[in-house]
Amino acid sequence: MKQKFITDFEIMIQSIQSVSSQQFAGTILLFVVEGNFMVSMDVKDYHLQESDILIINRNTIYSISGDSNNVLVSLSITNHFFKMQYEAYYHYIFECFSKNIDTGREEVLAQLRRLLAKIVISHLQKSEDSSVSVQSDLYQILLMMIRFFKKSIPYQEQIELEDERITRILNYIEHHYGEPLSLTDMANQEFLSSSYFSRYFKQFVGINFSKYLTSVRLKHSKEDLVHSSDSLFQIASRNGFTTAKQFALAFKSTYQQTPANYRKKHKSAALIEGDSARNNSGKSSILDSP
């Protein structure tokens with residue numbers, strides 16, 4: 001899994017076939033200009049078509065797959081920059097999937113599309129006032145997100161990854177989820193007692209260590225199911241599960257379907273490039289658009 005870092009914000013227009021297990025320390029807006037995409041995150045799959053908008057919240061592990069001809073605009077805003085503009089940033093998440101927006105808010109979405117389009121045009125034109133124009137539209141987008149799409153979250157789920165220790169712990173899990181990690185091992189690594197580590201972890205992450213580790217392993221397992229032809233035992237072993245049965249039970253409990261059914265539903269021949277596809281970090285290209 002790759003974690004992406006940018007300065008303040010970044011606007012991109014891309015053609016994407018497959019991007020696996022990304023995580024970004026900030027908020028991302030996706031706007032489909034052309035084609036079809038499947039975005040997987042938070043145990044849900046979102047099918048995006050032309051004109052659709054989707055918000056990906058901070059530190060969410062997600063993956064994207066697209067058809068052969070597509071254009072996607074993405075606006076990435078870092079946690080640090082967003083919090084600088086909006087002090088209560090960590091008290092909320094933002095919910096916006098255009099297909100599920102309540103009746104009456106269509107004009108809000110239309111305005112959001114216009115602003116994203118304006119940012120792209122200003123960015124590509126690179127005129128002497130492009131920077132000012134982009135930032136003006138960006139602040140309007142932030143204001144719309146705060147006014148129309150924010151949702152309060154419980155205090156215990158307000159994860160401020162500016163905390164150095166929790167950042168280190170979560171990064172370690174993301175890079176070692178396939179190993180036999182235990183709460184005791186992680187506590188010893190941080191020179192903490194197991195009981196204190198357990199309380200500390202739940203306070204910042206909102207769920208206990210075991211559930212979080214399982215969720216990370218399952219999210220990576222989903223990528224292997226779709227982008228490889230490996231057996232369930234191989235996928236289970238590679239992602240830290242002791243047996244295929246343990247993996248299957250955890251998968252069904254979380255996603256309400258078996259790994260085999262999930263693979264059958266989501267695997268596409270166009271996105272598979274042999275057994276080595278799971279090792280591909282992803283395919284995307286920035287479009288040179290007039």
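Guide: The largest cavity is lined by Ser21, Ser40, Met41, Asp42, Val43, Ile61, Tyr62, Ser63, Lys219, Lys222 and Glu223. A cavity here is a set of points, on a 1 Å grid over the protein atoms alone, where a 1.4 Å probe fits but cannot get out; lining residues have an atom within 4 Å of a point. Strand S4 (37-41), strand S7 (62-66) and helix H7 (209-227) each give two or more residues to that lining. H7 supplies the largest share, three residues. Helices (H or I, at least four residues) and strands (E, at least two) are DSSP runs, numbered from the N terminus. The space in this cavity is about 70 Å³. Such a volume is the space filled by probe spheres set on the points, with grid points joined across faces, edges and corners. Searching the whole structure turns up one cavity of 30 Å³ or more.

This is a predicted model, so local features need pLDDT of at least 70 and side-chain atom pairs count only at pLDDT 80 or more, while totals for chains, interfaces and linings use all residues. Residues are numbered from 1 along each chain as its sequence is written, and side-chain values use heavy atoms, with hydrogens and water left out.

Tyr62 leads on from the lining. It is touched by Ile28, which also touches Leu54, Ile55, Ile56, Leu75 and Ser76, not counting residues up to four places away in sequence. Contact means heavy atoms within 4.5 Å. Ile28 sits in strand S3. Its relative accessibility is 5%, so Ile28 counts as buried. Buried means under 20% relative accessible area, exposed over 50%, and partly exposed in between (1.4 Å probe, protein chains only). Ile28 and Asn57 are 29 residues apart along the chain, yet their C-alpha atoms are separated by 6.6 Å.

Next comes strand S8. The bridge partner of Ile28 in S8 is Ser76. S3 (residues 26-34) pairs with S8 in the antiparallel sense, over eight bridges. Strand S2 (residues 9-24) also pairs with S8 in the antiparallel sense, over six bridges. There, Gln14 has Leu72 as its bridge partner in S8. Two strands pair if DSSP finds at least two bridges between them.

S8 (residues 71-78) is mostly covered, with eight of its eight residues buried. Val71, Val73, Leu75 and Ile77 point one way from the strand; Leu72, Ser74, Ser76 and Thr78 point the other way.

Ile77 shows where one face leads. Setting aside neighbours within four places in sequence, Ile77 is in contact with Asp8, Phe9, Phe24, Gly26, Thr27, Leu29, Phe82, Leu138 and Leu142. Ile77 is also among the residues with the most contacts inside the largest nonpolar core, along with Leu29, Leu75, Phe82 and Ile141. That core has 34 residues. Its contributors of two or more residues are S2, S3, strand S6 (53-56), S8, helix H1 (79-85), strand S9 (92-94), helix H2 (106-125) and helix H3 (130-149). H3 gives the most, eight residues. A second, separate core has 18 residues, including Leu181, Met186, Phe197 and Phe201. A nonpolar core is a set of buried Ala, Val, Leu, Ile, Met, Phe, Trp, Tyr and Cys residues joined through side-chain atoms within 4.5 Å. In soluble globular proteins, nonpolar side chains tend to be buried together.

S9 holds Tyr92. At 18% relative accessibility, Tyr92 counts as buried. Tyr92 and Ile153 are 61 residues apart in sequence but 5.6 Å apart in space, C-alpha to C-alpha. Beyond its neighbours within four places, Tyr92 contacts Arg58, Tyr86, Lys150, Lys151, Ser152 and Ile153.

Two backbone details belong to loops. Ser51 lies between strand S5 (44-48) and S6. Its phi is positive, about 80 degrees, although Ser51 is not a glycine. Ser51 is partly exposed, at a relative accessible area of 30%. Gln256 lies in the loop between helix H9 (244-255) and helix H10 (259-266). Gln256 has a positive phi too, about 60 degrees, and counts as exposed at 61% relative accessibility.

Last, the whole chain. The secondary structure comes to 10 helices and 11 strands. Of the 290 residues, 47% are buried. Among contacts with a separation of 6 or more, 72% join residues 24 or more positions apart. The protein exposes about 14700 Å², and carbon and sulfur atoms supply 51% of it. Those areas come from the Shrake-Rupley method with a 1.4 Å probe; for residues, only the protein chains shown count as cover.

Key. On a 1 Å grid over the protein atoms alone, a cavity is a set of points where a 1.4 Å probe fits but cannot get out, and a pocket is an open set with protein on both sides within 12 Å along at least five of seven lines; lining residues have an atom within 4 Å of a point.
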